Amino acid sequence: MESPHRPVILQVLPALDAGGIEQGTIEMADAIVRAGGTALVASAPGRLVPRLHHVGARHLPLDLRSKNPLTILANARRLARVIADHGVTLVHARSRAPGWSAALACRRSGVPLVTTWHGVYRENVPGKHRYNAVMASGRRVIAISAFIARRLAHDYGVGPDRLRLIPRGADTAWFDPDSVRGPRMQALAEQWGLPDDAAIIMLPGRITPWKGQALLLDALARMEAAGGCGRAWACVFVGPARARDRHGQALLRAVAAHPALHGRVHFAGHCADMPAAFALADIVVVPSLHPEPFGRVVVEAQAMARPVIVAAHGAAMETVTDGETGLTVPPGDAHALAVAIHHLLSMSPQDSAALGQAARANVLAHYTTAAMQHATLAVYDEVLGSALARHFAAGADLPDTTGSNHAE
């Protein structure tokens, strides 16, 4: 059993594969260790387990993905044993099925629960509100954007005593345009077959309908039908697709149906070097058809000083100021998206660079990983009476900001 003077924080989630929840879990494990605590993560294994070990945390293989009530109960018993065996002082749940098991285990063990509401959970079937509500049941409930905080307060009755607003952030040392050298960019450009003289229009995200790939193709076809932008361009979709994915096949058919798109659209698949990918881009487009609960790639692209275009809903309305740090367009509006792309491609290099620099300055002021880590450790301290945030700040390069993570 760990020493009672050393906080032991257990994070629970479905699996340690690629994704925003998984990335945030590893970032917080790193912060816990750097602050002098012990970081444990219970989940099904995944490709990010080595990264978790690299930051000094321990992975406990436990498959918490099932929504079956009997399995949730069984997992609650397993988590209760984990809590007892490792002297866990606080559990942080990041997803609903693991959250139910964690809530039951914490109730049995008398250990406090903190939750983070990461998604835009739907309530389209009976009982879904109740199922979602576990993520609003923590001693503290973290919202990753003001958009999510408003929903938690309105739909789930989470009051200001428990609700904490902590935006996710970008690692601005990793996502730094000055740290990306030409060979990294050239390697990706050659791997993806990108032309040397074309403006690169990039959409980062999984190949799935709601991310808006089809909308972007429509917008590009409209732009060309209206006379083009006077520049050569290429579009690259950066993100994984499911095997034999019907949406991916539909996108290929859409490209084939528009002669103006032939040879100009590239499917890059998963990319392990997103800073270099963003550095290649002249424009980053995130035209999500549904509201993003936060939209990490928008912030990462801005951290790389890239001009961005986003759909004007969800948390994108917080991270992008239209005309100052990027452009916003009405959701699902291919014509407006075409106009915005044309506008950015027609800007002078100086104006484009100024927009990108304003975007990076905004990220440095409000959306860094270090600020997210510090604020989350402060939530742990609220519950435990510990000093993790102070110890972390002593060794972290944090922005000098004022204000509170309490949600309005």
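Asparagine 75 counts as buried because its relative accessibility is 2%; buried means under 20% relative accessible area, exposed over 50% and partly exposed in between, with a 1.4 Å probe and protein chains only. The model is predicted, so local features need pLDDT of at least 70 and side-chain atom pairs count only at pLDDT 80 or more, while totals for chains, interfaces and linings use all residues. Residues are numbered from 1 along each chain as its sequence is written, and side-chain values use heavy atoms, with hydrogens and water left out.

Asparagine 75 sits in helix H3 (residues 69–86); helices (H or I, at least four residues) and strands (E, at least two) are DSSP runs numbered from the N terminus. A polar atom of the asparagine 75 side chain lies 3.2 Å from the backbone oxygen of aspartate 63. Leaving aside residues up to four places away in sequence, asparagine 75 touches Leu62, Asp63, Leu64 and Ser101, where contact means heavy atoms within 4.5 Å.

The largest nonpolar core has 76 residues, and those with the most contacts inside it are Leu10, Val12, Leu79, Val91, Leu152 and Trp192. Such a core is a set of buried Ala, Val, Leu, Ile, Met, Phe, Trp, Tyr and Cys residues joined through side-chain atoms within 4.5 Å. Leucine 152 touches Trp117, Ala136, Val141, Ala143, Gly157, Val158 and Leu163, not counting residues up to four places away in sequence. Apart from this core lies another, of 32 residues, including Leu203, Met223, Phe237 and Leu355.

Leu152 is also one of the buried residues of helix H6 (residues 146–156), the others being Ala146, Ile148, Ala149, Arg151 and Tyr156. Their cover includes strands E5 (113–117), E6 (140–143) and E7 (163–165), and helices H5 (128–132) and H12 (316–319). Glycine 157 follows H6 and has a positive phi, near 65 degrees.

Glycine 326 is found in the loop between H12 and strand E13 (327–329). With a relative accessible area of 0%, glycine 326 is buried. Glycine 326 touches Val308, Val320, Thr321 and Leu355, again not counting residues up to four places away in sequence. Its C-alpha atom is separated by 8.7 Å from that of alanine 358, 32 residues apart along the chain.

The axes of helix H15 (residues 369–384) and helix H16 (residues 388–395) come within 7 Å and cross at roughly 155 degrees. That makes H15 roughly antiparallel to H16. The H15 side of the contact includes Ala370, Leu377 and Tyr380, and the H16 side includes Leu388 and Phe392.

Notes:
Axes fitted to C-alpha atoms, helices over the stretch in contact; angles between N-to-C directions. Parallel < 35°, antiparallel > 145°, perpendicular 65-115°, else oblique. Polar contact = N/O pair within 3.5 Å; in protein donor to acceptor, adjacent residues only side chain to side chain.
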